[in-house]
Structure formats: structure tokens, C-alpha cells
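Okay, everyone, let's take a look at this one together. I'll talk through the sheet and then the helix packing.

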Amino acid sequence: MSSKSGEAGITQPGAEPFAADGGPVGVLVLHGFTGSPQTVRPWAEHLAAAGLTVRAPVLPGHGATWQDLGRTGWLDWYAGAERAFTELSAVCEQVFVTGISMGGCLAFRLAQTQSAKVSGLVVVNPSLAGDTKLLVLAPVLKHVVRSLSSIGGDIKKPGAQEGALKRTPVAAVATLPQMWRTTAAQLAEVTQPLLVYRSMVDHVVGPASMRVLMDALPGAEVRPLANSYHVATLDNDAPEIFDGTLSFVQKHSVSHQNG
């Protein structure tokens with residue numbers, strides 16, 4: 001099995017996929033670019049502890065080395081998310097999709113492609129646009145420089161570790177703009193219930209992403225996180241995200257409404 005399958009070559013401690021079987025309501029939890037399920041594991045565990053059926057897959061190319069990630073692009077990551085969604089849909093009556101950063105962008109893309117099969121979305125610091133010249137130059141730069149310093153670990157809480165890749169492959173970065181453009185083009189068509197968490201200080205995803213989001217979905221509920229940086233699922237405000245997500249899923253699940 002090749003590294004593109006996602007789980008085949010996992011070498012990062014803690015990067016293993018998370019799965020828990022519970023009731024008829026499922027939640028897909030997606031990590032971000034250069035991260036792994038380690039970034040979202042406490043989030044997934046919190047939802048699973050409440051009796052939900054939860055999957056937090058390793059997106060293709062992640063969880064091993066930056067060279068592995070450099071051999072993949074956004075279509076591979078989306079395909080991995082879609083596979084996990086399809087598997088979850090097969091065993092659940094309803095499926096919600098959650099994600100952080102790039103995982104948030106993939107969550108929006110799933111909402112667009114899967115339509116009514118997605119019952120709702122919770123995204124944390126979603127990545128929907130680029131703020132740096134590097135992203136514009138990446139398609140050219142990849143022929144000159146193979147990797148850059150890590151973008152991971154933007155956490156305010158002392159001692160918290162994301163376990164992101166130590167280097168960032170430029171070839172993979174070069175595919176991000178197409179992912180953003182594709183998702184942004186249909187963002188206004190997302191009609192599912194939506195909850196957005198946004199860190200007041202984020203050193204990875206800049207204000208351009210929120211402008212794209214609010215231009216397309218001006219009615220979106222955005223809850224500010226005052227005491228976290230980008231990786232908010234491992235930061236000081238994580239309990240607020242976890243409890244808020246569970247309440248959101250319960251509010252919009254048919255079984256809860258009929259109970």
C-alpha cells in the first residue's frame with residue numbers, strides 16, 4: 001500500500017487514525033495540513049464519549065514524513081476525507097463533518113459535494129484563502145526549494161504539542177490555492193447548519209479566510225476564541241469547542257429532536 005493511502009506509512013507517534021462506534025449519529029473529524037489525528041484526537045474522544053460514532057482519519061500523505069506529504073496534493077486529501085465520510089454514512093443515519101484549518105476547508109467541500117448527506121458543519125480556524133506571497137510563488141518555488149520550516153505548533157497553552165511535520169513540502173503547498181478557489185466558488189451554496197470557531201490570534205490562517213467565509217455566508221455563527229492560537233483544539237479554549245460541538249450536533253440530530 002502506498003503512502004497516498006494515508007495510513008500505510010504512519011511513523012509519527014500519536015498520528016494514528018481514531019475510530020469509535022456509538023449510536024446512529026456520526027461525526028467526521030478532519031485534521032489540518034501537515035498535522036494528523038493527534039491535532040483533533042481530544043475533540044474526537046469527547047464526541048465519542050457522548051455516544052456518537054466518530055472517525056478521525058489520517059489524510060493521505062500525512063502522519064509520516066514531509067517527503068510523503070510532498071507526493072500528495074489537495075485532491076488526495078479530499079479523497080481521503082470523502083472515503084471516511086462514505087464509510088461513516090454507511091453505518092450512520094446522520095453524519096456531521098468537523099475540521100480544523102485545512103480540515104475545515106475539506107469539511108466545506110464535503111458539504112458541497114455530498115449535499116443533504118451532511119447534516120451540519122463545525123469548523124475551527126478554517127483555511128479558505130492565502131495571505132502570503134509564498135502561496136503565490138509556491139508553484140514556481142517547488143522547482144527550487146523542496147521544503148520550508150514547519151507551520152505547525154501554533155499553540156498558546158504551555159507544553160501542548162501538535163506533533164506536526166517538522167518541514168513543509170512546497171509541492172503540497174502549491175496545491176492549496178486550487179483547493180481554496182474550488183471551495184470558495186461554491187461556498188455560498190452551503191446551506192447546512194454551520195458553527196465557526198475563530199481564534200482572535202492566529203499565526204497560520206490570516207484574515208483573508210474569514211473574509212471569504214463571511215462574504216459567502218454572512219449569516220454564519222462565529223464564536224471567537226480569546227485564549228487560543230491556531231491549533232485551538234489543543235489549546236486553552238478546547239473545552240469550549242468540544243462542548244459547543246456536542247451541543248450543536250445534538251441540536252441538529254433527528255434522534256435528539258424526536259426524543
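So, start with strand E4 (residues 94–100) and strand E5 (residues 118–124): they run parallel and six bridges join them. Within that pair, Gly-99 sits opposite Val-123 in E5. Quick housekeeping: this is a predicted model, where local features need pLDDT of at least 70, side-chain atom pairs count only at pLDDT 80 or more, and totals for chains, interfaces and linings use all residues. Numbering starts from 1 along each chain as its sequence is written, and side-chain values use heavy atoms, with hydrogens and water left out. Helices (H or I, at least four residues) and strands (E, at least two) are DSSP runs, numbered from the N terminus.

Zooming out, the open sheet has seven strands, ordered E1-E3-E2-E4-E5-E8-E9, with mixed pairing; two strands pair if DSSP finds at least two bridges between them. Strand E1 (18–20) and strand E9 (221–225) are at the edges with a single partner strand each, so one side of each has no neighbour in the sheet.

Now the helices. H1 lies across E1, strand E2 (25–30), strand E3 (53–56), E4 and E5, where contact means heavy atoms within 4.5 Å. H1 also has a helix partner: Pro-42, Trp-43, His-46 and Leu-47 in H1 meet Ile-241, Phe-242, Asp-243, Thr-245 and Leu-246 in H9.

Over to the other pair: Trp-74, Trp-77, Tyr-78, Ala-81, Glu-82 and Phe-85 in H3 meet Met-102, Leu-106, Arg-109, Leu-110, Thr-113 and Gln-114 in H4. That's it from me.

Conventions
Axes fitted to C-alpha atoms, helices over the stretch in contact; angles between N-to-C directions.
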